[in-house]
Amino acid sequence: MAEQQPGPASDGTWQDLGGGSFVLASSAARALVNIGLVVGRERALLVDTGCGPRHATEILAAVRALTALPLLVVNTHAHWDHFFGNAAFRDAGTTTIWAHAAAARAMERTGESQRAEVAGVEPDMAAGRGPGTEIVLPTHLVQEVPVVLDLGGTVVELFTLGRGHTDGDLMVGAPGVLFAGDVLEEGAEPQFEDAHPQEWAAVLRRLGTMAARYPVMVPGHGRPVDAAFAAALAPVVQAHS
Ligand SMILES: [Zn+2]
């Protein structure tokens, strides 16, 4: 299916993935984390919030250039580039932040110590000083049972396939598009800091069987990929166990 993949995303521009899903590739200075957006008729769902208030403000401006709908937020996992923007989105009026229950626990446990990671790009966040710099935890938790969200004509499923990149990886399944967080990495090596490689490889093999439901898979970093890419990543991750 490689020939059907969308082209590379450009900085600061939404790439339309079809079915109401978009991905925003952010600047290299901010670790090229992919921010996802699924737009329904009544609500929109943001996938990950960036590295801190500066980044989140840029993301919010990009969201508002596309839609004025009320915004729900999902954090794919508990790493700083995926949830340090939570406070800025809460302060902008978002009242619902979804995450895996284990990710929420990890954010609570490690959030303060992760601030050092953003010293170069988000100095206020690193210092924990100023608006939008609070560690804001998810308000809504996903356990083993998938959660179905109706955005108004567009249904999104939040689910876990088990431990992998972290112990709290959450998948965001939109029509034809899966946002996989850092369970998938394109253009960079997978990161094993909090990983469970054996189980991660099993998750990747599961993703490898989901081509029919999700022809497009959005990694946490890099260009959109597909199920064959996920399957090919499994032995690479397995080799770390
Ligand atoms: Zn990560």
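Modeller: Helices (H or I, at least four residues) and strands (E, at least two) are DSSP runs, numbered from the N terminus. This is a predicted model, in which local features need pLDDT of at least 70 and side-chain atom pairs count only at pLDDT 80 or more, whereas totals for chains, interfaces and linings use all residues. Residues are numbered from 1 along each chain as its sequence is written, and side-chain values use heavy atoms, with hydrogens and water left out.

Biologist: Where is Asp48 found, and does Asp48 count as buried or exposed?

Modeller: Buried means under 20% relative accessible area, exposed over 50%, and partly exposed in between, with a 1.4 Å probe and protein chains only. Asp48 has 2% relative accessibility, and its phi is near 80 degrees, a positive value in a residue other than glycine. Most residues other than glycine have a negative phi. The position of Asp48 is the loop between strand E4 (44-47) and helix H1 (53-66), and at 2% Asp48 counts as buried.

Biologist: How many helices and strands does the protein chain have, and what is its radius of gyration?

Modeller: The chain comes to 7 helices and 12 strands. The radius is taken over C-alpha atoms, and the globule rule is 2.2 Å times the number of residues to the power 0.38. For 241 residues that rule gives 18 Å, and the value for this chain is close to it, so the chain is as compact as a globular protein of that length, with a radius of gyration of 16 Å.

Biologist: What share of the contacts in the protein chain with a separation of 6 or more is between residues 24 or more positions apart?

Modeller: Contact means heavy atoms within 4.5 Å. The C-alpha atoms fill a box of roughly 45 × 40 × 35 Å along the principal axes, and buried residues make up 55% of the 241 residues. Among contacts with a separation of 6 or more, the share from residues 24 or more positions apart is 65%.

Biologist: How much space lies in the largest cavity, and which residues line it?

Modeller: On a 1 Å grid over the protein atoms alone, a cavity is a set of points where a 1.4 Å probe fits but cannot get out, a pocket is an open set with protein on both sides within 12 Å along at least five of seven lines, and lining residues have an atom within 4 Å of a point. Grid points are joined across faces, edges and corners, and a volume is the space filled by probe spheres set on the points. The structure holds 1 cavity of 30 Å³ or more, and the largest cavity has about 50 Å³ of space. Its lining consists of Asn34, Gly36, Val47, Asp48, Thr76, Phe179, Ala180, Gly181, Val218, Pro219 and Gly220.

Biologist: Which residues does Pro219 touch, not counting residues up to four places away in sequence?

Modeller: Pro219 is in the loop between strand E12 (216-218) and helix H7 (227-238), and at 2% relative accessibility Pro219 counts as buried. Its C-alpha atom is separated by 9.8 Å from that of Ile35, 184 residues apart along the chain. With residues up to four places away in sequence left out, Pro219 touches Asn34, Gly181, Leu184, Glu185, Glu186, Pro224 and Val225.

Biologist: Which element gives the most to the lining of the largest pocket?

Modeller: About 430 Å³ of space lies in the largest pocket, and of the 20 residues that line it, the closest to its centre are His79, Trp80, Gln114, Glu193 and Asp194. Two or more lining residues come from each of helix H2 (80-83) and helix H4 (101-114). With 5 residues, the element that gives the most is H4.

Biologist: Where is Leu170 placed, and how far is Leu170 from Ala101 in space, C-alpha to C-alpha?

Modeller: Leu170 lies in the loop between strand E9 (155-159) and strand E10 (171-174), and at 0% relative accessibility Leu170 counts as buried. Beyond residues up to four places away in sequence, Leu170 touches several others, including Val74, Thr76, His100, Val142 and Phe179. Leu170 and Ala101 are 69 residues apart in sequence, and their C-alpha distance is 9.5 Å.

Biologist: Does Arg206 count as buried or partly exposed?

Modeller: Arg206 belongs to helix H6 (residues 197-207). With 44% relative accessibility, Arg206 counts as partly exposed.
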